[in-house]
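Please keep the sequence and the model in view while working through the points.

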Amino acid sequence: MDKQVWNHFKNQKFLYTLEEKTNTSSNVHFIKSVQDMIYVPDEPKRINELLNDDLKCITTTITENGYFLDEDKQLSLHEDVQYDINTSFYQKPYTIYGFLHYILYNRYLMNLPGICIMSCDNMSKNSKLLKNGLNTFIQYLKFDNKYIKNNYHTWVNKENVFPIT
């Protein structure tokens, strides 16, 4: 979601409409299921708000380039991805993988439950591609303890879900 769309959505208090149409009628429903949203590029300090037991789902809207995938749909080691690989334990992440790693790793350390991570992008196998990219990202991370890395990686894949939308 770009900044302009996010601002518009925020200004309408995260309300949106659903219109049902048939050949003979039209019904409009107001939906208020979104309570808050974080626009990470402008509010990086709010990321820590996601480290609580109440969080059940993170939805993402990313441009296709934001997945940093090569032509084989594998994670590319773009300079932003490399930055996050080297700093995402303690710095503001640049990429979705650094962001998800930061959230998931801290949730793992805090013994919080896994969550749903849902890509809302109009791409075939969207969340599967996101999960695969995250798994590759985790493999590149340098952990002090291989045991923790393996357990964390297993936790990401067993305790979190990545539904295809």
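1. Basis of the note. This is a predicted model, in which local features need pLDDT of at least 70 and side-chain atom pairs count only at pLDDT 80 or more, while totals for chains, interfaces and linings use all residues. Residues are numbered from 1 along each chain as its sequence is written, and side-chain values use heavy atoms, with hydrogens and water left out.

2. Helices (H or I, at least four residues) and strands (E, at least two) are DSSP runs, numbered from the N terminus. Two strands pair if DSSP finds at least two bridges between them. Strand β1 (residues 16-21) and strand β2 (residues 26-31) run antiparallel and are joined by six bridges. One of the residues involved is Leu18, whose bridge partner in β2 is His29. Four residues lie between β1 and β2, and the two strands form a hairpin.

3. Helices α3 and α5. At what angle do these two helices pack? Helix α3 (residues 96-109) and helix α5 (residues 146-159) pack at about 105 degrees, with their axes 10 Å apart. Here axes are lines fitted to C-alpha atoms, for helices over the stretch in contact, and angles run from 0 to 180 degrees between N-to-C directions. Angles under 35 degrees count as roughly parallel, over 145 as roughly antiparallel, 65 to 115 as roughly perpendicular and the rest as oblique. The helices α3 and α5 are therefore roughly perpendicular to each other. Contact means heavy atoms within 4.5 Å. From α3, the residues His101, Leu104, Tyr105, Arg107 and Tyr108 meet Ile148, Asn151, Tyr152, Trp155 and Val156 of α5. By class, this contact has seven nonpolar, two polar and one charged residues. In this classification Ala, Val, Leu, Ile, Met, Phe, Trp, Tyr, Cys and Pro count as nonpolar, Asp, Glu, Lys and Arg as charged, and the others, Gly among them, as polar.

4. Helices α4 and α5. Helix α4 (residues 126-140) packs with α5 at an angle of about 175 degrees, and their axes are 11 Å apart. That angle makes α4 roughly antiparallel to α5. On the α4 side the contact is made by Lys131, Leu134, Asn135, Ile138 and Gln139, and on the α5 side by Lys149, Tyr152, His153, Val156 and Asn157. The class count for α4 with α5 is four nonpolar, four polar and two charged residues.

5. Aromatic pairs. How many aromatic pairs does the structure hold? There are 10 aromatic pairs. Rings of Phe, Tyr and Trp (its six-membered ring) pair if their centres lie within 6.5 Å; planes under 30 degrees apart count as stacked, over 60 as edge-to-face and the rest as tilted. The rings of Tyr105 and Phe143 have centres 5.5 Å apart and planes at 75 degrees, so this pair is edge-to-face. Tyr105 belongs to helix α3 and Phe143 to the loop between α4 and α5, so that the pair links distant parts of the chain, 38 residues apart. Tyr105 and Phe143 are both buried, where buried means under 20% relative accessible area, exposed over 50%, and partly exposed in between (1.4 Å probe, protein chains only).

6. The rings of Tyr108 and Tyr152 have centres 5.6 Å apart and planes at 55 degrees, so the pair is tilted. Tyr108 lies in α3 and Tyr152 in α5, so this pair ties together parts that are 44 residues apart in sequence. Tyr108 counts as buried at 18% relative accessibility, and Tyr152 is buried with a relative accessible area of 0%. Ring pairs link Tyr105, Tyr108, Phe143, Tyr152 and Trp155 into a cluster.

7. Residues with positive phi. Most residues other than glycine have a negative phi. Phe68, in the loop between β3 (57-60) and α2 (79-87), has a positive phi near 55 degrees. Phe68 counts as buried, at 15% relative accessibility. Lys125 has a positive phi near 60 degrees and is found in the loop between β4 and α4. At 47% relative accessibility, Lys125 counts as partly exposed.

8. Pro113. This residue lies in the loop between α3 and β4 (116-119) and is partly exposed, with a relative accessible area of 38%. Not counting residues up to four places away in sequence, Pro113 touches Asp53, Arg107 and Trp155.
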